[in-house]
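Please look over the following protein model with its ligand. A short report on selected features comes after it.

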Amino acid sequence: MLEKIFLILLLKLPEEISHNIAIFLLKYNLIPSRRKLIINSTKTKLFNYKLSHPVGLAAGFDKNAEALPGLLKQNFSFIEIGTVTPLPQAGNSKPRIFRLLNEKSIINKLGFPNLGSSKIFNNINKIRKFHSLGLEPLIGVNIGCNKSTKSPLKDYEKCFDIFSSVADYITINVSSPNTPGLRKLQLKTNLDPLLKKISKKRELYFKKYKRNIPLALKIAPDLSNSDLENIVTLIQKYNIEGIIATNTSLNKKLVKNEKLLKLQGGISGNALYTYSNDILKRLQRLSKGKVQIIGVGGIDNGAKVLEKITLGADAVQLYSSLVYNGISIVDKIILDLIDISKKVKKSHD
Ligand SMILES: Cc1cc2nc3c(=O)[nH]c(=O)nc-3n(C[C@H](O)[C@H](O)[C@H](O)COP(=O)(O)O)c2cc1C
């Protein structure tokens, strides 16, 4: 009840103010922790880690690893920090997040505002003093490049070096639509050298520390079949463990309200659900189930999680549904999953 009233208030405030309030409350542990929901039927495996369920937090919510103290006490099985760039940057001018209330969707053109790799490393490192690598919720780090960089590839390498000791996995983000040129890194000629460099780095890290850092590539939903085919080929060539599908979409046809068509930025939430599922279907066909897939886009209930899993996802992430439903949505989804698996079991008995 309290959460509902609070949510109504938050949805009346400008988007970034509401977001900053949520981050503040989590940072200072002002949101009650959740009772752990561990049920056999929802257990899963991601990158060789055992998870009690498949629901994680998508990148972009806690860009700076500031909210981790509170987030660790919610029921996510993994949390993705970032996108982090080597140097701090302010991002695009405001306003840059727009709620599409009727469609339970969001358009954002943030452009990777973040505190930069060294501050964010310190924030995660503090957490690692009591929350070791491999413990649930896993902490993944999503890395990108600075808008003003002369060498995007070097930026990814720098971030890999900085975060390898504190990340349970690292996501190479080449799919945000709000950094000019970033999505071109998804093309074969650019992606090949990028994946080559990062996989070399992780090989060296493994030789030195005997720990393999799982890598994931986060892709856009607006990809042609041939782009997607090239991505899957390169993922397999460089033994990248996972694909995160998908980031936000630039396809304005997904939005029903025509007044909003003039807004720039990437679409997420309900409007992205079916469109991002289409990528899962295509990925499943191309990868023949050999790559692990994290399904993202429009998750706000257990049935949608199951649909993404049926389409080939090993786990899922969410962001936009937190804005419209509050943090309790995570527990609601897990309870949904438990309910569905009970019904399936009953129908088999
Ligand atoms: C306000 C906002 C900021 C985001 N920032 C990032 C980001 O920094 N890096 C990233 O990889 N994805 C980012 N995303 C994309 C989400 O991680 C996710 O892929 C997308 O929103 C689809 O999931 P959803 O429909 O559950 O929101 C952002 C999304 C939103 C709404």
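## Basis

This is a predicted model: local features need pLDDT of at least 70, side-chain atom pairs count only at pLDDT 80 or more, and totals for chains, interfaces and linings use all residues. Numbering starts from 1 along each chain as its sequence is written.

Buried means 20 or more other C-beta atoms within 10 Å, exposed 12 or fewer, and partly exposed in between, with C-beta atoms placed from the backbone.

## Ligand shell

The ligand is surrounded by 28 residues, each with its C-beta atom, placed from the backbone, within 6 Å of the molecule. Ala58, Gly60, Ser268, Tyr319 and Ser320 are the closest.

## Backbone features

Two peptide bonds are described here. The bond from Lys94 to Pro95 is cis, with omega near 0°; a cis bond also joins Ala245 and Thr246, where omega is about 20°.

Most residues other than glycine have a negative phi, and most peptide bonds are trans. Lys104 has a positive phi of about 45° and is partly exposed, with 18 other C-beta atoms within 10 Å. Lys288 also has a positive phi, near 50°, and counts as exposed with 11 C-beta neighbours inside 10 Å.
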